[in-house]
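The sequence and structure come next.

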Amino acid sequence: MKNKYTYVWISFIILVFGIIFIPRIVDRVGSGTVVENDRINLKDNNAELAYIFLNGKKRRVPSFEFIDQDSLVITDKDYLGKVYVVEFFFTSCPSICPIMTKNLVDVQNEFKTATNFGVASFTITPEYDTPMVLKEYAEKHGVTNLDWHFLTGKQEAIYDLANKGFNIFVSEMPDAPGGFEHAGLFALIDKKGYLRSRVDEFGNPIIYYRGTITEDQGENGEGEKEQISILKEDIKKLLKE
């Protein structure tokens, strides 16, 4: 008898919950008053991209000023009004950089007609990667986007921008391939200069996008999945903002 009454009470509670709360949820969705956390939990692929916060403030691209492959001075302000991707690389890299460049060329070709999309590629070997070397590299890899700037300058300034500005690790490391260690990550920036990303299954911003796995590859040997396809989707979202 005890079990019978227990089941009755559980059924009654479920019924009351359904009568009271389900209509409210439906009304909130229908009226567009779903809060940010609700949108995350709904896993809506059309949801707005998250902002990245540091010490309670939205993270913006730090100020920078470097020279590009055409020997032009390029600053962070040149990218305002554009959606763009940031990477740190070097032209003599024997490991992940060729894959990263291939992926960014693929992204570039996806947005051939977009006049407000660009890329900022900062070299971590500026003493070797002169504007001439960077220009040859760009031409070799099929770079056609006029807003894709390969940037060089003082090494200390570039390393500060990477490690402190973007929190993307770069370092001289003699035992690493090519003598330098760096994370193969892409940062996505919106038209106002804010870092943006989609959220993971737990509702947390992924912050960066993996740049070392191609769409065709799908995933690497460690089971990490490619994120170039979602990067493309998220660029489209920001271009519409």
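**From a loop to the core**

Beyond its neighbours within four places in sequence, Tyr-128 is in contact with Thr-91, Ser-92 and Val-133; contact means heavy atoms within 4.5 Å. Tyr-128 sits in the loop between S7 and H4. Helices (H or I, at least four residues) and strands (E, at least two) are DSSP runs, numbered from the N terminus. Tyr-128 is exposed, at a relative accessible area of 51%. The cut-offs are under 20% for buried, over 50% for exposed and partly exposed in between (1.4 Å probe, protein chains only). Its C-alpha is 9.0 Å from that of Phe-90, 38 residues away along the chain.

This is a predicted model, in which local features need pLDDT of at least 70, side-chain atom pairs count only at pLDDT 80 or more, and totals for chains, interfaces and linings use all residues. Residues are numbered from 1 along each chain as its sequence is written, and side-chain values use heavy atoms, without hydrogens and water. The average pLDDT (the predictor's confidence in each residue, from 0 to 100) is 86, and 81% of the residues score at least 70. Residues 1-44 stay under 50.

Now take S6. Seven of its seven residues are buried. Val-83, Val-85, Glu-87 and Phe-89 lie on one side, with Tyr-84, Val-86 and Phe-88 on the other. S6 and S7 pair in parallel over seven bridges; pairing requires that DSSP finds at least two bridges between two strands. Phe-88 stands opposite Phe-122 in S7. S6 also runs antiparallel to S11, joined by three bridges. There, Tyr-84 has Ile-189 as its bridge partner. S6, H3 and S7 form a right-handed β-α-β unit: with the strands pointing away from the viewer, the path from the first strand over the helix to the second runs clockwise.

Which residues touch the most other members of the largest nonpolar core? They are Phe-88, Phe-122, Phe-166 and Ile-235, in a core of 54 residues. Elements that each supply at least two residues of this core include S6, H3, S7, H5 and H6. Such a core is a set of buried Ala, Val, Leu, Ile, Met, Phe, Trp, Tyr and Cys residues joined through side-chain atoms within 4.5 Å. Outside four places in sequence, Phe-88 contacts Phe-122 and Phe-166, among others.

H6 spans residues 228-240. Its buried residues include Ile-228, Leu-231, Ile-235 and Leu-239. Among the elements covering them are S6, H3 and S7.

Technical notes
Expected span 1.5 Å × (residues − 1).
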